[in-house]
Amino acid sequence: MGAGSFPGSSSGRPVRPVLDRDEVDRALARLDAEHEAIETSLLALQDHAGRRLLEGAGLTGVTRDRWAATEQSITLLWAYFDAYKAALDGARELRERRRWPSREDLVELTERLRGESVTVAGAASQAATLTGPARLTERFTLEQLVNRMNELYARSLDLVVAADAVWSALPARIDLLAAELHRTRGLAHSVGVRPGEHPAGDDLESITEELTSLRAQVVSDPLAFWVPAPGSSAPGGGRPDTERYDRAARALEDVRREIDAVLTVRQDAEQRLVRLRDVLVRADRTLTEARAARGEVLAKIAASEVPAVSGPPTALQERLVAAAEYRRHSQWHRLSPLLESLEREAEDELLRARESLTAVTAPLAVRAELRGRLDAYKAKVARHGMAEDPLLIERYDAARRMLWSAPCDLRVAEEAVLRYQRAAAEVLVPRQPGPVDQRGES
């Protein structure tokens with residue numbers, strides 16, 4: 001049958017082309033397929049694990065508010081679907097009355113398939129917040145009703161998928177981190193890292209409280225931990241917000257590293273204590289040597305500023321005794337920082353002792369250098385057969401008396417050595433003839 005049109009003036013309906021039999025059959029087939037797809041989607045939403053969890057959970061915050069609205073949307077979806085099914089069944093029943101429908105049948109089928117032939121009563125008030133002001137009934141074309149169901153379904157599925165994604169991702173990870181936290185706390189307790197006694201113990205308490213609070217919030221308000229994907233219109237487009245979890249995991253890793261350091265101290269504490277004692281003994285011996293050298297310098301060197309020598313490192317010795325006590329009582333968390341500071345300070349003390357010895361013995365080193373220089377020039381003069389030169393003998397004896405007498409005036413002794421050097425140089429390198437002979441200089 002060819003297409004016609006409604007006599008719109010008498011019925012008040014808009015004028016639209018009348019479908020022929022083939023167009024009606026194609027429209028019914030398409031609507032049947034949409035009906036099946038919608039029914040499948042609604043049943044899948046009904047059975048979705050996330051929806052079941054939402055129904056049974058004690059929700060709070062944004063999830064509670066959004067789920068209350070979504071429950072209304074799902075109820076409305078089923079009301080729309082029932083109305084859609086009823087309208088489709090009625091149109092199919094009308095079409096099946098005759099193999100070749102009459103024009104009146106085609107006009108009626110056209111109105112049912114293309115016109116606002118679907119009336120939804122009662123559900124309109126539930127959709128007031130979604131569709132505008134509340135009305136007693138709503139009228140739709142089948143196409144409009146499908147579009148409305150698609151919109152409600154997409155919003156409902158988006159919420160369900162988001163909540164399910166958060167519940168699938170975060171609680172399990174929090175539980176694993178909590179188990180690791182429990183093991184770390186046991187290990188920390190074994191090495192004396194406890195709240196109120198060590199910063200890492202306080203950190204463990206803070207992490208425990210954070211994980212407990214985080215898990216409770218994730219379970220009751222999962223949508224508070226959902227980050228929608230920018231510009232995404234697909235249901236469930238986004239990701240769980242793991243920032244608080246990641247921060248707790250990093251804090252626990254920092255604590256684990258600190259406890260590992262304490263464990264390392266427990267394993268090699270005795271060796272480190274032995275090394276510390278050795279360093280302090282060497283520092284003490286060096287200071288003893290420096291004190292003895294200072295006495296020698298004061299007795300043998302005149303007119304020289306000799307620095308004072310500090311006493312033995314008693315404060316470090318006392319702290320070393322405290323470190324040994326910490327080890328004996330397994331107070332590893334106290335021993336760890338004390339050993340680190342003691343090792344630094346003991347090396348510094350040994351360096352200071354060596355510098356003190358060097359400073360104290362500097363005048364003796366100067367005297368030794370002058371003695372060596374004097375003897376070296378005497379040997380050189382002897383090799384050249386000038387050992388019996390009277391001036392050289394006189395100046396050598398003068399310098400030697402100054403250098404081998406006590407107390408020795410280094411300044412005067414150095415001048416005597418220089419006079420001997422100059423005289424030796426003049427003897428070894430013949431001078432050009434000149435009016436003045438300096439060899440007689442006294």
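**Reading the contacts in a predicted model**

Reader: Why is E34 called partly exposed?

Author: E34 has a relative accessible area of 25%. Buried means under 20%, exposed over 50%, and partly exposed in between (1.4 Å probe, protein chains only), so E34 is partly exposed. This is a predicted model, in which local features need pLDDT of at least 70 and side-chain atom pairs pLDDT 80 or more, while totals for chains, interfaces and linings use all residues. Residues are numbered from 1 along each chain as its sequence is written, and side-chain values use heavy atoms, without hydrogens and water.

Reader: What makes E34 and R30 a salt bridge?

Author: Their closest N and O atoms are 3.6 Å apart. The rule asks for a side-chain nitrogen of Lys or Arg within 4 Å of a carboxyl oxygen of Asp or Glu, so the pair qualifies. R30 is itself partly exposed, at 44%.

Reader: How do you know that R244 forms a salt bridge with E210?

Author: The closest N and O atoms of R244 and E210 are 2.9 Å apart, so the pair meets that rule. It links distant parts of the chain, 34 residues apart.

Reader: Why is the pair of Y80 and F140 called edge-to-face?

Author: The ring centres are 5.4 Å apart and the planes stand at 75°. Rings of Phe, Tyr and Trp (its six-membered ring) pair if their centres lie within 6.5 Å; planes under 30 degrees apart are stacked, over 60 edge-to-face and the rest tilted. The pair is therefore edge-to-face.

Reader: Are Y80 and F140 buried or exposed?

Author: Y80 is at 0% and F140 at 6%, so both are buried.

Conventions. Helix = DSSP H or I, 4+ residues; strand = E, 2+ residues; numbered from the N terminus.
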